[in-house]
Amino acid sequence: MKLKRSSTQASKPLPIQAPKSPGSQVPRFAILVAGGSGTRMGADRPKQFLLLRGEPVLLHTLRRFAEPALGVTDIVVVLPADQLDTWQALCAQFSVNIPHRLVAGGATRWASVKAGLASLKAHAEGLVAVHDGVRPLVSRQVVERTYTAAATHAAAAAAVMPKDSVRLVSAHGSAAQNRSRLRLMQTPQTFEIDLLRRAYAMPELASFTDDATVVDDLCRVQLVDGDYRNLKITTPEDLVVAEALLAQ
Ligand SMILES: Nc1ccn([C@@H]2O[C@H](COP(=O)(O)OP(=O)(O)OP(=O)(O)O)[C@@H](O)[C@H]2O)c(=O)n1
Ligand SMILES: C[C@](O)(CO)[C@H](O)COP(=O)(O)O
């Protein structure tokens, strides 16, 4: 039903809103998920602890989110439950003085994000970026783009176009796909906290490995430009590429 505006309503003074100061923005939080075991890497320890130019992969990632220009006030690092001591020892070894909180993750990425989110429950409003702890080359510009887009659209994720031709395989063979309509998803994927909480309250979505997919049914996710350098360290050759990129 459409409500007609009455003359009484029209004459009511408008509520006075405090003007926003130019630099003011909604609070920004970050969850760095590093709760995996790195089976595809096949190393002697989880890949987030492997050294990249002499420092743990996860430390590179943490530094990117601690850049003051981003204004992230609370960084949560999610780790395998049995590896909290390992990370604390690395922080001591590498004299890490970046404030962050540690949370024990779960058996899947979904469970780890959910655990990180639960640790933010006291906060009523704000934006939370979920980022893979094993994407150490993310740029400030990409992170900023997701926060800025999420402030308007409630949900935003970094993505890039495929560089190779793509075919869909089936029992009958394979078929070429129109790659101009495909995107490769990266992180950060950034959301209003309350939206992400509602999405992660649905256990039937627990098998999904990215946050945009978990949120899809609740909100349209705005894609923003990612970066080909923002690679996810997954298999041994990714470390070689990351070393080379960091050396630039
Ligand atoms: N139970 C899990 C599984 C994954 N992740 C994190 O999610 C990110 C992306 O996952 P992926 O690259 O698959 O990491 P792993 O699960 O460690 O790797 P693999 O699948 O090869 O075992 C990583 O930063 C990883 O640590 C997590 O926090 N908790
Ligand atoms: C979130 C993600 O990094 C986007 O590319 C990806 O979905 C993680 O998936 P994985 O299966 O855990 O590697």
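Strands are DSSP runs of at least two residues, numbered from the N terminus. Strand S10, residues 184-192, contributes the most to the shell around ligand 2, with 3 residues. The model described here is predicted.

The chain holds 8 helices and 11 strands. Of its 248 residues, 36% are buried.

Two ligands are considered in turn. The shell around ligand 2 consists of Arg109, Asp132, Met185, Gln186, Thr187, Thr209, Asp210 and Lys232. By class, 1 of these residues is nonpolar, 3 are polar and 4 are charged. Ligand 1 is surrounded by 21 residues. Val33, Gly35, Gly36, Arg40 and Ser112 are the closest of them. The shell of ligand 1 divides into 5 nonpolar, 12 polar and 4 charged residues.

Strand S10 also carries a backbone feature. Pro188 is found in this strand. A cis peptide bond joins Thr187 and Pro188, with omega at about 15°. Thr187 is also one of the residues around ligand 2.

Nonpolar side chains tend to be buried together in soluble globular proteins. In this model, the largest nonpolar core has 54 residues. Ala30, Ile31, Leu32, Val78 and Val128 touch the most other members. Strand S4, residues 72-79, gives the most to this core, with 6 residues. Leaving aside residues up to four places away in sequence, Leu32 touches Thr61, Leu62, Phe65, Ile75, Val77, Val78, His131 and Gly133.

Helix H4 spans residues 109-118 and is mostly covered, with 8 of its 10 residues buried. The buried residues are Arg109, Trp110, Ser112, Val113, Lys114, Ala115, Gly116 and Leu117. Several elements contribute to the cover. Among them are the strands S1 (28-33), S4, S5 (101-104) and S6 (127-132). Helices H6 (193-199) and H7 (211-215) are also included.

Two residues other than glycine have a positive phi. Phi of Ser95 is near 50°, and phi of Ala154 is near 75°. Ser95 sits in the loop between helix H3 (84-93) and S5. Ala154 lies in the loop between helix H5 (140-153) and strand S7 (155-160). Their surroundings were then compared. Ser95 has 6 other C-beta atoms within 10 Å, so Ser95 is exposed. Ala154 counts as buried because it has 20 C-beta neighbours inside 10 Å. The cut-off for a buried residue is 20 or more such atoms.

A further loop residue is Ala69, placed between helix H2 (57-65) and S4. Ala69 is exposed, because 8 other C-beta atoms lie within 10 Å. A residue counts as exposed at 12 or fewer. Ala69 and Gln189 are 120 residues apart along the chain. Their C-alpha atoms are separated by 19 Å.

Note on methods: Residues are numbered from 1 along each chain as its sequence is written. Chains are lettered from A and ligands numbered from 1 in the order in which they are written. This is a predicted model: local features need pLDDT of at least 70, side-chain atom pairs count only at pLDDT 80 or more; totals for chains, interfaces and linings use all residues. A residue is near a molecule or strand if its C-beta atom, placed from the backbone, lies within 6 Å of it. Ala, Val, Leu, Ile, Met, Phe, Trp, Tyr, Cys and Pro count as nonpolar, Asp, Glu, Lys and Arg as charged, and the others, Gly among them, as polar. A nonpolar core is a set of buried Ala, Val, Leu, Ile, Met, Phe, Trp, Tyr and Cys residues joined through C-beta atoms within 7 Å. Helices (H or I, at least four residues) and strands (E, at least two) are DSSP runs, numbered from the N terminus. Two residues are in contact if their C-beta atoms, placed from the backbone, lie within 7 Å.
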